[in-house]
Amino acid sequence: MKYTVLIVCSLLLSAPALGQKRSAHPKQGRIASTTDSVAVKIAQLQKTGRWKYPITDMWDDALAHAQKSHKPVIVFNVDFADSASVGFRNRILRDPEVLVYLFEHFECAINDFSVDPPPSVGFDSLRNLGHRLDGLEKGYGIGVRPTAILLRPDSSEIERIAYPNLLTGDQFIARVTEYMHGVGTVERLRQRFWSDTTNFAARKLYLDRLSERSEYDSVVYQLGVIAQMRDHLTEAREAAKQYAYLRMNVEGQTQFVRTWIASLGKSDQDSQDALQGLRDLLEFYQMRKKIDSIAVCYDRIFAFTGVRDPETLNNYAWDLATHSKRWEEALKLVDEAIAAKPTSADFYDTRALAHWSLKQYDAAVHDAQDALAHAKGKDDKSYFKERLQFYKAQLKQSKEPKPAEPSSGSGDGN
């Protein structure tokens, strides 16, 4: 579809500070332009049929076009239901100067995972769309959205930009231009690193780019090597931490974080890191409802700090009451918390849950009333009022006579 001058004007008005000149940069290969020159370029692109705003081609379509035009391809892997992708669209893909640059130099495509075609397209079309969307991420190992990926006409990758929403329009054009000239690409960084593996600065640049590209196996390997370095102790310490957390968060293996905690010394920073590590382990287990490991983490936190913090006691009790049948133990913990802080509505709410789990409905109602009495905010009062009504209903139901069991006889004997 060809767009009229009205569309061009609306695009120009939507871009911030477009009436001002943007200075040229010797490394960008970008000529300073004014609003008038951008409008002229858009008009020229319209005449040649190369102006396609908004971008609608998918990545395989753009590669097919590139076979004829011999231009490189730039694909935007996005999810316009996500704020990061929306920010990228608003900041970059609606900037007329960026679009002019892209349409002059690339076959452009967009893979939007928020696309929801109407049911009338049919199941086969939906399945085909899913294959085409997944084909880009799986084929090139793209782990984040948004990502802008540069491809050659033969479909081989030139480079990619993860989270381009963090860039301005000028920065985006500069980054793409550098990559197209082979400056700063992961391949160039890889070559520099392997030419001298003792060069720590080169290794760090290479690692940062691998992390940006979500190349997990390579990142884990490099972190493991840096963690063993004795001539870069600060970097080794940070690498060991990143390595441990990466293995836990990606693979679910917690032993690396536990080992890292055990390796820490007695300094204030080590103590802070160790305590945070225990809390992170606790959160990891809580998300997976592994109650035995949760209990171990709480006990280790108490032992490490030497303090029976009432908030932590209450959280421990809540986890036990919610994810296990250790209700008596939960009561002891929350009783200890209430003794230390008798005005916390949350603590009484936890004890009400434990009493309810033990079918002690009278006690649950009493605790729910105390929780409501100590509630402060409007939302809290509304929540605790609902909980009180629930426990009252449970108490009432428990006192209602149960229906008689059906007779086990065989009938009237006839």
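Student: In this predicted model, which residue just after H14 takes a positive phi?
Tutor: The model is predicted. Helix H14 covers residues 291-305. Just after H14, a positive phi of about 70 degrees is found at Gly 306.

Student: How far does H14 reach from its first C-alpha to its last?
Tutor: H14 has 15 residues. At 1.5 Å a residue, the expected span is 21 Å. The reach in the model is close to that, at 21 Å.

Student: Within what arc do the buried residues of H14 fall, seen down the axis?
Tutor: The buried residues of H14 include Ile 291, Ile 294, Cys 297, Tyr 298 and Phe 302. On the other side of H14, Asp 292 and Ala 303 are exposed. The buried residues line one face of the helix, because they fall within an arc of 160 degrees.

Student: Which helices do the buried residues of H14 pack against?
Tutor: Cys 297, one of the buried residues of H14, is touched by Leu 281. Leu 281 also touches Met 248, Thr 254, Val 257, Arg 258 and Ile 261. The packing partners of the buried residues of H14 are helix H13 (268-287) and helix H15 (310-323).

Student: Which strands stand at the edges of the open sheet of four strands?
Tutor: The strand order is E2-E1-E3-E4, with mixed pairing. Each edge strand has a single partner strand, so one side of it is left without a neighbour in the sheet. The edge strands are E2 (107-112) and E4 (157-162).

Key:
Residues numbered from 1 in each chain as written. Predicted model: local features only at pLDDT ≥ 70, side-chain atom pairs only at ≥ 80, totals over all residues. Heavy atoms only, no water. Pairing = 2+ DSSP bridges. Helix = DSSP H or I, 4+ residues; strand = E, 2+ residues; numbered from the N terminus. Contact = heavy atoms within 4.5 Å. Expected span 1.5 Å × (residues − 1). Buried < 20%, exposed > 50% of the residue type's maximum accessible area, 1.4 Å probe, protein only. Arc of directions from axis to C-beta. Lists of a residue's contacts leave out its neighbours within four places in sequence.
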